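The following note is written for a colleague who is meeting this structure for the first time. Please read the numbered points with the model open alongside.

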Amino acid sequence: MKAARAKTPRRPALKKPPAPGPKDPVGVYCRVRPLSRQDQECCIEVISETTVQIHPPDGYRVFRNGEYRETQYSFKEVFGTLVVQKDVFDVVAKPLVEDLIRGKNGLLFTYGVTGSGKTHTMTGSPGDGGLLPRCLDMIFNSIGPFQAKRFVFKLDDKNGVDVQCEVDALLERQKRDAMPVPKTPSGNRRQIDPEFADMINVQDHCKVDEVDEDNVYSVFVSYIEIYNNYIYDLLEEAPFEQIKPKPPQSKILREDQNHNMYVTGCTEVEVKSTEEAFEVFWRGQKKRRIANTQLNRESSRSHSVFIIKLAQAPLDADGDNVLQEKEQITLSQLSLVDLAGSERTNRTKAEGNRLREAGNINQSLMTLRTCIEVLRENQMYGTNKMVPYRDSKLTHLFKNYFDGEGKVRMIVCVNPKAEDYEESLQVMRFAEMTQEVEVARPVDRPLCGLTPGRRFRNQAFKEELARKLEMRGGPINGETEEQSASEIFLQNFPPLPSCELLDPNDDQTLPKLIEVLEKRHKLRQMLSEEFAKNVLAFKTTLQEFDSSVISKENYIQGKLSEKEKTIAGQKMELERLEKKIKTLEYKIEILEKTATIYEEDKRNLQQELESKSQKLQRQASDKRRLEARLQGMVAETTMKWEKECERRVAAKQLEMQNKLWVKDEKLKQLKAIVTEPKNEKPERPSRERDREKPIQRSVSPSPVPPSSNLITQVPSSQRLVSNPQVHRRSNSCSSISVASCVMEWEQKTPSHKHTGGTSYARSRQQEPEQSRDYNTSDRRRGMCWTGVIEVPRRRDELEIEEDQCCRNAPPVRLRHRRSRSAGERWVDHKPPSNLPTDTVMQPHVPHAITVAAASEKALAKCDKYMLTHQELASDGEIETKLIKGDVFKTRGGGQAVQFTEIETLKQESPTGRKRRSSPSNPDPPEDAADSEWTDVETRCSVAVEMRAGSALGPGYQHHAQPKRRKP
Ligand code: ADP
Ligand code: MG
């Protein structure tokens with residue numbers, strides 16, 4: 001029943017919706033106190049400015065199975081053992097004081113186990129004041145000159161504040177002065193209680209920078225204790241009864257119209273200085289101590305709450321008095337809470353009554369914990385669970401800090417000693433959780449709407465007035481401080497004479513008085529006129545000033561707008577340039593990338609070039625080697641053949657001469673027989689005579705005199721004149737033996753054509769008439785022979801050579817020969833190095849393309865090739881050779897020449913030694929089968945292949961094949 005009555009029923013209509021706007025998390029700080037003894041085991045370390053690490057003490061694991069690990073906890077800031085009170089104050093409490101002066105509520109509490117330094121942090125110790133005295137000091141340093149006179153602000157019993165007029169305030173002041181209770185020291189530090197003087201002797205002189213100077217302020221303090229879930233007023237002045245002390249009466253909580261909770265009937269003392277405020281606190285502290293001793297309580301089991309309320313109201317328009325409007329008064333409060341030790345009951349080994357107390361104390365801390373948990377859950381997960389503030393007085397009192405708005409900060413005090421390890425862990429967990437709760441940030445109070453700077457204008461006016469009065473000989477500043485302006489004026493008027501009427505017939509006093517009063521009246525009039533004049537002058541000055549200010553403002557406005565325009569233009573330009581920079585940067589990037597790609601390409605191409613040039617060099621050196629080898633081979637073969645030729649020529653000459661001799665003998669005998677009837681005795685010619693004139697008998701008469709003619713070296717039987725005319729002519733006038741020889745050869749020729757099988761033979765088979773009658777074919781080809789031509793060689797030798805030629809010839813399809821239906825065309829290759837022979841008979845090829853060097857172009861157009869080659873013969877005469885060949889198309893698209901025959905032309909002096917000249921005609925001697933006779937044997941079985949685009953002449957790839965002798 002009692003509990004039900006204690007709890008005020010909830011008023012759902014008043015339930016405030018959660019404050020919108022920005023929220024701040026509860027600021028949680030950690031302070032680690034030093035160990036009391038150096039040899040104590042430490043289990044907490046500060047590892048950074050925001051983190052502490054807790055590790056279990058030695059042997060802890062033995063008792064608790066496993067779970068040995070170091071835990072780190074992070075806070076907004078961690079204060080190590082060396083951090084002094086001032087630093088803690090600057091970080092934690094200073095912002096709360098600043099908020100208080102700006103009309104915002106704040107809550108600061110210390111949490112931790114007993115002996116962890118909560119009281120040390122909050123109250124401090126002698127010579128080392130804690131947060132509380134420092135807060136008070138900062139408040140009074142800030143509002144000191146702007147404080148209202150005592151009793152101007154009056155707190156009502158509903159947690160509100162009223163403002164009283166000066167008279168009422170004065171009356172109350174007088175009443176208070178008359179009371180027998182000892183007055184608290186008002187601003188005089190000489191009267192400070194030496195008991196706590198050390199604690200408030202703060203040298204820092206900390207103050208808030210921006211205090212509204214047009215406000216007046218008043219500070220009220222109250223000090224309560226929550227013990228066993230009862231609220232006690234520590235400042236209550238109860239008559240102390242020696243005989244039977246009354247137990248202190250507990251107070252109840254109420255909610256005001258702003259949803260703030262307050263303790264009904266709680267003593268709130270208006271204080272005007274730090275000393276006075278702290279004196280009040282100290283009184284409460286003493287009372288608390290007495291109660292603890294008297295009632296056998298444990299001090300660490302109670303929560304103490306020191307509430308600083310700050311009332312502020314704006315000055316009126318004159319800046320002289322407080323604005324008498326209740327709505328303009330702001331009341332803010334800062335609650336400094338020193339919580340009871342958070343340790344669990346079993347640790348203190350409390351018994352009986354004490355256990356109940358401890359349990360209750362723990363209960364309120366548990367409720368605090370639960371409230372924080374639910375709040376956190378609601379905020380994090382969007383749930384709407386009811387926060388059990390009402391379950392304990394402690395949480396109920398500060399309900400609106402969490403539900404409404406305000407700044408909440410908590411200092412977690414820990415003792416790093418090993419014995420406190422488990423409790424410290426609990427403290428840390430609670431602290432970490434608390435950090436996640438968010439509280440609505442208090443909003444700024446609205447402005448009163450009056451011109452700022454009123455207080456100073458009023459002060460300045462007063463000062464100026466005093467100065468002027470002093471100049472007029474009035475009372476000096478110090479004396480007139482309390483006097484009104486009218487009093488000062490009155491003092492300047494002529495003194496009134498004594499107006500005491502002692503005699504009814506006294507007719508002097510009254511006229512004198514009238515005279516003085518008239519004088520005063522005149523003076524007053526003068527003064528008021530002067531005042532009016534001054535006012536007028538001041539007004540005009542003000543107006544002038546106003547207009548000048550306005551014109552200046554206009555000017556400034558114009559300038560400002562101009563500047564703004566320029567700024568806008570520059571901004572645009574800046575933006576444009578920035579964009580341009582970006583595009584350029586992008587372009588540069590692309591170009592850089594392209595450059596890299598090109599460079600890579602270049603590298604690759606260079607490498608390729610190098611490899612190719614190396615390959616080329618290799619090929620060139622290969623070619624040079626091959627050339628050298630071929631040249632060597634050519635020279636060797638030429639030498640060999642020359643030697644062989646010379647040997648055979650010599651042998652043949654000898655043999656022929658013998659045969660000639662035999663035939664001559666026979667002829668002579670025949671002649672002798674024929675001429676026998678005339679000359680009875682036939683004469684046998686001597687061998688020497690035969691030798692003297694063989695040519696006259698055997699050689700066909702030349703068309704020109706022998707002195708200037710070409711004479712072959714061939715014996716008459718083997719000689720053939722390729723020119724048909726020459727042939728005919730020789731026929732007509734030559735001896736019988738020559739004619740018979742020719743006949744004989746012509747009859748033998750067909751037998752040769754069947755011996756073929758080589759390309760040469762095949763070509764002959766295709767043209768049997770040509771092979772049969774060389775002269776005819778020559779005629780058909782349109783060749784005109786003006787010199788004596790040697791017969792190529794013996795047929796059997798030819799065969800062998802042509803075999804070889806086929807074996808060694810380039811891979812040319814010899815059948816792929818140009819069609820001759822269109823008529824043969826010749827390439828007449830005459831190297832410019834050739835000397836003119838100046839002979840009468842010159843080789844002449846009609847319709848030939850004459851070239852100085854072998855050219856593929858010319859070869860492509862023709863099907864026959866002739867090279868005119870000159871060399872020095874062994875007798876010193878120039879020997880001209882006509883090397884002839886057929887032109888073939890090669891598979892590679894070029895031209896190939898296969899040499900088929902060589903004609904040798906030679907000029908001879910008639911006086912010189914006669915040499916044989918081989919006829920170029922395939923004119924075999926009559927006994928060719930067994931004769932070893934051979935021509936110069938330079939008949940070529942060489943094919944010169946010219947590829948398309950090749951600049952080499954046929955001479956460069958001349959393959960001479962050594963002739964094989966028939967076994
Ligand atoms: P609590 O109020 O938490 O029970 P107290 O504030 O009474 O603990 O501190 C217990 C003891 O430890 C006191 O004697 C106090 O001087 C000392 N102490 C606590 N914190 C500090 C500190 N930061 N530096 C020095 N001494 C400290
Ligand atoms: Mg304490």
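1. Helix α4 (residues 118-122) contributes three residues to the shell around ligand 1, the most that any element gives; helices here are DSSP runs of H or I with at least four residues, strands are runs of E with at least two, and both are numbered from the N terminus. The model is a predicted one, in which local features need pLDDT of at least 70, side-chain atom pairs count only at pLDDT 80 or more, and totals for chains, interfaces and linings use all residues. Residues are numbered from 1 along each chain as its sequence is written, chains are lettered from A and ligands numbered from 1 in the order in which they are written, and side-chain values use heavy atoms, with hydrogens and water left out.

2. Which residues are around ligand 1? They are Arg31, Arg33, Pro34, Val113, Thr114, Gly115, Ser116, Gly117, Lys118, Thr119 and His120, where a residue is near a molecule or strand if one of its heavy atoms lies within 4 Å of it. Sorted by class, this shell holds two nonpolar, six polar and three charged residues. For that sorting, Ala, Val, Leu, Ile, Met, Phe, Trp, Tyr, Cys and Pro count as nonpolar, Asp, Glu, Lys and Arg as charged, and the others, Gly among them, as polar.

3. An N or O atom in the side chain of Arg33 is 2.8 Å from a ligand 1 oxygen atom. From the backbone, an N or O atom of Ser116 lies 3.2 Å from an oxygen atom of ligand 1, and a polar atom of His120 is 2.7 Å from one. The protein buries 65% of the 550 Å² that ligand 1 exposes when taken alone; accessible areas come from the Shrake-Rupley method with a 1.4 Å probe, and for residues only the protein chains shown count as cover.

4. Is strand β2 (residues 27-32) mostly covered or uncovered? The strand is mostly covered, with six of its six residues buried; buried means under 20% relative accessible area, exposed over 50%, and partly exposed in between (1.4 Å probe, protein chains only). In a regular strand the side chains alternate between the two faces of the sheet. On one side of β2 are Gly27, Tyr29 and Arg31, on the other Val28, Cys30 and Val32, and all of these are buried.

5. The neighbours of β2 are as follows. β2 runs parallel to strand β20 (residues 407-414), with six bridges between them, and Gly27 has Arg409 of β20 as its bridge partner. Strand β6 (residues 77-79) also runs parallel to β2, joined by three bridges, and there Glu77 stands opposite Tyr29. Two strands pair if DSSP finds at least two bridges between them.

6. Strand β22 (residues 826-829) is buried on both sides: Trp826 and Asp828 point one way, Val827 and His829 the other. Four bridges pair β22 with strand β24 (residues 864-872) in the parallel sense, and three join it to strand β23 (residues 849-851), likewise parallel. Val827 stands opposite Tyr865 in β24 and has Ile849 as its bridge partner in β23.

7. Phe109, in strand β7 (residues 106-112), is 299 residues from Val408 in sequence, yet their C-alpha atoms are 8.3 Å apart. Phe109 counts as buried because its relative accessible area is 5%. Glu255, in strand β15 (residues 253-255), and Asn400 are 145 residues apart along the chain, with 9.2 Å between their C-alpha atoms. The side chain of Glu255 also makes a polar contact with that of His259 at 2.9 Å; such a contact is a pair of N or O atoms within 3.5 Å, and within protein one must be able to donate a hydrogen and the other to accept it, while residues adjacent in sequence count only if both atoms are side-chain atoms.

8. The loop between β12 (215-227) and β13 (230-233) holds Asn228, whose phi is near 60°, a positive value in a residue other than glycine. Asn229 lies in the loop between β12 and β13 as well, with a positive phi near 65°. Asn228 is buried at 11% relative accessible area, whereas Asn229 is partly exposed at 26%.

9. How many disulfides are there? The count is zero, a disulfide being a pair of cysteine sulfur atoms within 2.5 Å. For Cys135, the nearest cysteine sulfur is that of Cys206, 9.5 Å away.
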